[in-house]
Amino acid sequence: MKLGQVDLNLLVVLDALLREQNVTRAAERLHMTQPATSTALSRLRRVLGDPLLIKQGRHMRLTPRAESLIEPVRDVLATIEQTIVRPTEFDPASNRRVFTLCASDYIGVVLIRPLLGRIASLAPDIRLNLTSIHERYLNALRRDEVDLAILPDRLTGIDRLIECSSIPVLSDRFVGAVWAEHPCAGERLSAELLSEYPYLAYEPPAGYSVIEEDLEQTGIPRRVEATVTNFTLLPFMLARTQLVTVVPERLGRRVAAAAEITLLEPDIEFRPLRQSAYWHSRHDADPGHRWLREQLLSTAHSEALDPASTN
């Protein structure tokens with residue numbers, strides 16, 4: 001097979017099929033009809049000499065050959081997009097680009113929300129899609145499914161993605177939190193307080209909690225009475241209970257009045273919560289991507305200087 005024998009338009013279809021592993025969903029992604037997508041899949045099978053997608057029960061799965069093509073196809077399309085298709089200049093006032101960000105709900109509240117306010121007047125047609133952190137974030141960065149991933153430095157595992165660039169964007173610390181009328185409101189978060197009162201734990205779907213990791217290392221016993229799977233619920237679960245929990249200070253200060261909580265200065269030593277933004281290095285010189293990173297850094301800097309959000 002020679003390159004001249006390959007219709008390069010088929011690579012776009014192949015990329016969608018590799019992402020979705022489903023003809024119908026690939027057709028929806030491409031805004032094509034299902035018959036047209038099925039026809040393209042048949043052509044790809046002939047050209048590549050492989051079925052690519054095969055039936056397994058009620059679902060389709062990729063063949064080993066298809067699995068091996070995921071990153072090369074994405075790299076080829078990304079290179080074409082960055083060097084040929086995408087304009088060399090970026091005008092935020094008129095551009096209609098969509099950026100996808102992967103971050104926790106906590107980052108959504110303390111950083112992405114003010115970022116939206118910042119870019120609203122600068123780039124009225126720019127759209128931000130925020131997705132939650134999931135176990136596939138490294139693959140999502142590789143495949144350009146995510147433009148920026150904002151992650152705790154302790155979580156990333158970024159050493160597995162050497163093609164990645166990053167910048168630090170936020171530093172926070174953990175503090176205690178209780179209902180404003182809790183018997184210990186106004187006290188400090190001590191080991192005794194944590195042991196005595198029922199505890200509200202943070203257990204994210206990904207299974208790794210920086211808070212719980214630090215507390216486990218202290219050896220402080222806790223009587224877990226309830227759990228939540230996202231940061232922003234933590235402070236709002238405390239009202240009219242004797243629960244005690246641990247929250248990022250920026251989040252706690254931001255929602256204290258609405259959640260009817262009081263923050264407790266910790267006697268326990270927690271490691272800082274540092275967050276960085278990660279992206280695939282192929283976007284280093286992308287003018288639109290660079291503009292987004294600049295707005296993110298400016299927003300983070302402004303938030304750090306805001307007395308309501310500082311440590």
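Mentor: Helices (H or I, at least four residues) and strands (E, at least two) are DSSP runs, numbered from the N terminus. This is a predicted model, in which local features need pLDDT of at least 70 and side-chain atom pairs count only at pLDDT 80 or more, while totals for chains, interfaces and linings use all residues. Residues are numbered from 1 along each chain as its sequence is written, and side-chain values use heavy atoms, with hydrogens and water left out.

Trainee: What makes H31 exposed, and where does H31 lie?

Mentor: H31 lies in the loop between helix 2 and helix 3. Buried means under 20% relative accessible area, exposed over 50%, and partly exposed in between (1.4 Å probe, protein chains only). The relative accessibility of H31 is 76%, so H31 counts as exposed. H31 also has a positive phi of about 60 degrees although it is not a glycine, whereas most residues other than glycine have a negative phi.

Trainee: Why are helix 2 and helix 3 called roughly perpendicular?

Mentor: Helix 2 (residues 23-30) and helix 3 (residues 34-48) pack at an angle of about 110 degrees, with their axes 9 Å apart. Axes are lines fitted to C-alpha atoms, for helices over the stretch in contact, and angles run from 0 to 180 degrees between N-to-C directions. Angles under 35 degrees count as roughly parallel, over 145 as roughly antiparallel, 65 to 115 as roughly perpendicular and the rest as oblique, and helix 2 and helix 3 are therefore roughly perpendicular to each other. V23, T24, A26 and A27 of helix 2 meet Q34, T37, S38 and L41 of helix 3, where contact means heavy atoms within 4.5 Å.

Trainee: What is the angle between helix 5 and helix 10?

Mentor: The axes of helix 5 (residues 105-122) and helix 10 (residues 249-259) cross at roughly 80 degrees and come within 10 Å. That makes helix 5 roughly perpendicular to helix 10. Helix 5 contributes Y106, V109, V110 and R113 to the contact, and helix 10 contributes R250, L251 and R254.

Trainee: How do you know whether E260 is buried, exposed or partly exposed?

Mentor: E260 has a relative accessible area of 34%, and is therefore partly exposed. E260 is placed in the loop between helix 10 and strand 11 (261-264), and its phi is near 60 degrees, a positive value in a residue other than glycine.

Trainee: What makes V178 count as buried, and which residues is V178 in contact with?

Mentor: V178, which lies in strand 7, has 0% relative accessibility and so counts as buried. Leaving aside neighbours within four places in sequence, V178 is in contact with A185, L238, L243, V244, E260, I261, T262 and L264.

Trainee: Why is D286 called buried, and which side chain makes a polar contact with the side chain of D286?

Mentor: D286 lies in the loop between strand 12 (273-280) and helix 11 (287-305), and its relative accessible area is 2%, so D286 is buried. A polar contact is a pair of N or O atoms within 3.5 Å; within protein, one must be able to donate a hydrogen and the other to accept it, and residues adjacent in sequence count only if both atoms are side-chain atoms. The side chain of D286 makes such a contact with the side chain of R97, at 2.7 Å, and a polar atom of the D286 side chain lies 2.9 Å from the backbone nitrogen of G288.
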